[in-house]
Amino acid sequence: MASEMVEANGRRTVATISRQSLHGEIVTRLRDMIIEGDLQPGERIYETQLGEELGVSRTPLREALKFLASEGLVELVPSRGAVVKRFSAKDVEDMLIVLRSLEMLAGRIACEVASDEGIARLRSLHDAMVKHYKAAERLEYYKVNQQIHTGIVALANNAPLAEVHGLLQSRVKRIRFIGHEGAERWAGAVAEHETIIAALEARDAETLARELDTHLANGWERVKSVV
């Protein structure tokens with residue numbers, strides 16, 4: 001956000017927003033709109049209308065859409081422009097199967113190589129996520145939830161593993177968000193996360209891998225009827 005400054009002559013001016021900062025803000029806003037369903041799968045994105053709604057020009061908006069296309073959330077279609085990516089049920093199931101394997105592997109490695117400080121950071125994120133759950137703050141909960149999954153992979157300190165995981169993680173953002181719809185589903189996901197963090201803290205590699213496997217398998221069960 002732009003901040004105010006006072007010049008030597010006492011006149012108040014407003015600091016400009018950097019191009020990089022603007023790009024990040026637009027990307028975050030559009031990503032949230034896709035995750036929360038304000039922009040639906042298969043929906044065409046009208047740049048002029050959306051730019052007016054966001055209060056930005058078409059150039060930075062187009063740059064943001066190109067970035068989201070690189071994440072797999074948007075398709076750039078000739079003659080149609082940008083369209084929110086639609087995945088088939090098989091696409092989603094296939095990606096979640098690979099994510100399960102990647103996170104199970106990352107969990108096993110993390111139990112061996114992660115620092116105590118790194119694991120403690122994951123516990124802090126988990127506690128923050130639970131607070132969002134108790135406050136019924138779904139989007140905030142979801143974002144911390146994803147930080148935890150990414151964080152487990154990061155603890156493995158394996159760049160190729162993190163790269164592939166990050167690519168797939170970005171493509172199923174909307175799917176993983178809707179997996180928390182409904183009180184029973186959401187409560188179940190939170191309980192699963194508690195067992196995951198406990199296994200990580202105990203450095204119990206096999207239990208952690210098993211709990212991640214169960215959690216992500218249940219994630220598919222929670223969303224398969226709506227994809």
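**Entry 1: the two domains.** I looked up the spacing of the domains first: the C-alpha centres of domain 1 and domain 2 lie 28 Å apart. I noted that the model is a predicted one. Domain 1 covers 8–84, and domain 2 covers 89–223.

**Entry 2: the contact.** I then asked how many residues each domain gives to the contact. Domain 1 puts in 11 residues, and domain 2 puts in 9 residues. I looked up the area buried between domain 1 and domain 2 and found about 850 Å². Carbon and sulfur atoms give 62% of that area. Which residues of domain 1 lose the most area to domain 2? I wrote down I35, E36 and E71, which together make up 53% of what the domain 1 side buries.

Entry 3: I looked for salt bridges between domain 1 and domain 2 and found a count of 1. I also looked up K143, which forms a salt bridge with D32. The closest N and O atoms of K143 and D32 are 2.9 Å apart.

**Entry 4: the domain 1 side.** I asked which elements give two or more residues to the side of domain 1 that touches domain 2. They are α1 (19–36) and α3 (58–71). Of the elements on this side, α1 gives the most, with 6 residues. Last, I sorted the residues of the domain 1 side by kind: 3 are nonpolar, 4 are polar and 4 are charged.

Technical notes. Residues are numbered from 1 along each chain as its sequence is written. This is a predicted model: local features need pLDDT of at least 70, side-chain atom pairs count only at pLDDT 80 or more; totals for chains, interfaces and linings use all residues. Side-chain values use heavy atoms; hydrogens and water are left out. Domain bounds come from an automatic or database domain assignment. Contact means heavy atoms within 4.5 Å. Buried area is the accessible area (1.4 Å probe) that two parts lose on being put together, summed over both. A salt bridge is a side-chain nitrogen of Lys or Arg within 4 Å of a carboxyl oxygen of Asp or Glu. Helices (H or I, at least four residues) and strands (E, at least two) are DSSP runs, numbered from the N terminus. Ala, Val, Leu, Ile, Met, Phe, Trp, Tyr, Cys and Pro count as nonpolar, Asp, Glu, Lys and Arg as charged, and the others, Gly among them, as polar.
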